[in-house]
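Good morning. I will take a few minutes to walk through one structure, and I will define the terms as they come up.

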Amino acid sequence: MIKNIATPSTISRLSPAKINLFLHITGKRADSYHNLQTVFRLLDWGDYLHFAVTDDVVISTANSELDANKLCHQLLVLAGAETITADIEDNLIFKAARALLASAIQSNTLPEQLAQVHIALDKHLPMGAGLGGGSSNAATTLLALNEIWQLKLTQDELIKIAATIGADVPIFIFGQDAIAMGIGEKLTGINLPDQQYLILTPNAHVNTAKLFANPKLQRDIAPLSIDTIQSQYTDYVQTLTTPYHNVFTPVVMSLAPAAAEALDYLKGLEAEAMSTARMTGSGSAVFLPLDTSVITDRKRLAKWVEGAPCSGYVVGSL
């Protein structure tokens with residue numbers, strides 16, 4: 001049943017990007033996922049999501065046989081994601097809303113009325129870059145709809161829902177730099193110094209399934225303790241020293257020439273930047289941490305961006 005009701009106005013949220021300062025695979029799990037260790041760093045750059053709560057459409061949930069998928073179609077109007085997936089049900093924003101509703105239905109905590117929400121996606125992050133754009137969109141949706149629909153789920157409850165959507169989704173619910181283990185859902189906060197980065201996003205996309213199936217992918221990195229990762233942050237924040245590395249780098253670079261060209265370009269700047277260029281996640285984006293002397297030299301920094309073989313951005317930690 002649809003009823004009329006007065007509701008709040010538009011809520012706009014940054015859906016931030018992330019980078020992996022290093023990324024290790026420590027073994028394969030029985031459920032076909034892989035255990036990993038990484039340090040996630042959230043950035044002050046990303047997509048924007050605008051949640052407009054309609055002032056005239058409310059859906060009654062007074063039905064003992066509610067279906068989360070059907071209810072999601074009634075409650076969600078999504079714009080700006082048409083080029084991402086052909087079917088809205090494959091979109092991570094829709095999947096997040098559906099998972100949220102399914103959890104509330106299962107726990108019998110769904111309010112008797114829910115307002116319809118129009119979500120507009122203002123996309124800036126390239127897909128398949130390893131910057132977590134889709135995962136961040138999903139997490140931002142979970143957080144906003146939990147607030148709009150007053151579901152009152154805790155952060156831990158939202159993280160559990162997030163983990164069912166994708167391995168990178170929980171970090172954006174956690175909302176701070178973190179050491180991640182498991183499939184990415186076991187998170188421990190870490191305090192890192194503020195940092196700026198030069199990020200390059202080459203026009204390259206490597207299928208994630210192909211990456212994990214590649215025989216050259218290292219899957220047996222010895223796990224490090226959380227205390228070790230916390231105490232050795234100088235070994236992976238500005239520079240990257242043994243044992244810290246990204247296991248996907250050699251595989252992606254062999255399959256995506258544009259990504260290899262972008263990384264080679266940043267490696268040519270390492271001496272001046274006094275840092276180590278590297279790849280983030282399992283995507284094609286590469287980044288270079290910037291030393292204070294570079295940040296203050298705007299002409300040199302602009303020259304680096306202009307000379308890059310692909311789109312470049314100077315961004316900061318969140």
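First, the ground rules. This is a predicted model, in which local features need pLDDT of at least 70 and side-chain atom pairs count only at pLDDT 80 or more, while totals for chains, interfaces and linings use all residues. Residues are numbered from 1 along each chain as its sequence is written, and side-chain values use heavy atoms, with hydrogens and water left out.

Start with Thr140. Thr140 is part of helix α3, residues 133-148. Helices (H or I, at least four residues) and strands (E, at least two) are DSSP runs, numbered from the N terminus. Is Thr140 buried or exposed? Thr140 has a relative accessible area of 6%, so Thr140 is buried. Buried means under 20% relative accessible area, exposed over 50%, and partly exposed in between, with a 1.4 Å probe and protein chains only. Beyond the neighbours within four places in sequence, the residues in contact with Thr140 include Ser15, Leu49 and Phe51; contact means heavy atoms within 4.5 Å.

Next, salt bridges. Side chains of opposite charge can pair when their charged atoms come close. Here a salt bridge is a side-chain nitrogen of Lys or Arg within 4 Å of a carboxyl oxygen of Asp or Glu. How many does the structure hold? There are 9 salt bridges. One joins the side chains of Asp47 and Lys123, at 2.7 Å from N to O. That pair links distant parts of the chain, 76 residues apart: Asp47 is in strand β3 (34-60), and Lys123 is in the loop between β5 (113-122) and α3. Asp47 is buried at 0% relative accessibility, whereas Lys123 is partly exposed at 28%.

Arg300 and Glu272 also form a salt bridge, at 3.1 Å from N to O. Arg300 lies in helix α12 (298-307) and Glu272 in helix α10 (270-273), so this pair ties together parts 28 residues apart in sequence. Asp297 joins Glu272 and Arg300 in a network of salt bridges.

Last, the aromatic rings. The whole structure has 6 aromatic pairs. Rings of Phe, Tyr and Trp (its six-membered ring) pair if their centres lie within 6.5 Å; planes under 30 degrees apart count as stacked, over 60 as edge-to-face, and the rest as tilted. The ring centres of Tyr197 and Phe287 are 5.6 Å apart and their planes stand at 85 degrees, so the pair is edge-to-face. Tyr197 is in strand β8 and Phe287 in strand β10, 90 residues apart. Tyr197 is buried at 0%, and Phe287 is buried at 0%.
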